[in-house]
Amino acid sequence: MTNHPGANIISIHGKTPKIHETAFIAPGATIIGDVEIGAGSSIWYNCVVRADVFTIRIGERTNVQDGSVLHCDPPRPGDEEGCPLVIGDDVLIGHMAMVHGCRIEDRGFVGLGAIAMNKSVIGSDAMLAAGAMLTERKIMGPRELWAGRPAKKLKDLSDAAIAGMTMGTAHYAENARHHKAAVGEGLG
């Protein structure tokens, strides 16, 4: 495991986070338990990624922005599969989002302060709008925009909107490299 200055990387129940050496974990972020974070991904300042009761898997080049909380639920009677949190590649999760026991497919987008609950799905190239709440078991199809509390489908996303999300993800991947270097230099 690569050193992540100022981040809290915590093993629990015999499970230690597995973080790719190219990932950026910001100072103040806390990563706990059965977590895997892929190449080029970034977990920003004051995020909590807590897999103390089940699993969290984060793909490649995904960013989880400042103050977000990621958690999961364990298997239990009547729900033997539990609610792991599975996040694909090139996903963008906005500041202060709460993502719990759901699935976000490749290139999914979670807006600022949005909530995605157990067993919900954000499809590939889909966007959950800022402040929206995707309730349990709701399924967003590919390229859909959902908004509101509870969230409902508003429309299908245009090619231009999807291109904008792709640019945002690329920006965060590049910015993470700069922050990783700055954090490393600042402690040298």
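Modeller: Start with overall dimensions, bearing in mind that this is a predicted model. For 188 residues, a compact globule would have a radius of gyration near 16 Å, and the protein chain agrees with that, at 16 Å. Along the principal axes, the C-alpha atoms fill a box of roughly 50 × 45 × 20 Å.

Biologist: How many helices and strands are in the protein chain?

Modeller: The protein chain has one helix and 20 strands. As for burial, 49% of its 188 residues count as buried. Of the contacts between residues at least 6 apart in sequence, 22% join residues at least 24 apart.

Biologist: How do I read a pair of strands, say strand 19 and strand 20?

Modeller: The general idea is that side chains in a regular strand alternate between the two faces of the sheet. Here, strand 19 covers residues 144-147 and strand 20 covers residues 152-156; the two run antiparallel and are joined by four bridges.

Biologist: What should I check in the backbone of the loop?

Modeller: Most residues other than glycine have a negative phi, and most peptide bonds are trans. The peptide bond between arginine 149 and proline 150 is cis, with omega of about 5 degrees. Proline 150 lies in the loop between strand 19 and strand 20.

Biologist: Which residue has a positive phi although it is not a glycine?

Modeller: Histidine 13 is one, with phi of about 55 degrees. It sits in the loop between strand 1 (8-10) and strand 2 (18-19). Histidine 13 has a relative accessible area of 63%, so it counts as exposed, the cut-off being over 50%. Arginine 107 also has a positive phi, of about 65 degrees, without being a glycine. Its place is the loop between strand 12 (103-104) and strand 13 (109-110). At a relative accessible area of 34%, arginine 107 is partly exposed.

Biologist: And how do I read a pocket?

Modeller: Rolling a probe the size of a water molecule over the atoms shows where empty space is left. In this model, the largest pocket holds about 160 Å³ of space. Its lining includes Glu81, Cys83, Pro84, Arg103, Lys119 and Ile139. By class, the lining residues are six nonpolar, three polar and three charged.

Methods
Residues numbered from 1 in each chain as written. Predicted model: local features only at pLDDT ≥ 70, side-chain atom pairs only at ≥ 80, totals over all residues. Heavy atoms only, no water. Pairing = 2+ DSSP bridges. 1 Å grid on protein atoms, 1.4 Å probe; cavity = no way out; pocket = protein on both sides within 12 Å on 5 of 7 lines; lining within 4 Å. Points joined across faces, edges and corners; volume = space filled by probe spheres on them. Nonpolar A, V, L, I, M, F, W, Y, C, P; charged D, E, K, R; others polar. Rg over C-alpha atoms; globule rule 2.2 N^0.38 Å. Buried < 20%, exposed > 50% of the residue type's maximum accessible area, 1.4 Å probe, protein only. Contact = heavy atoms within 4.5 Å.
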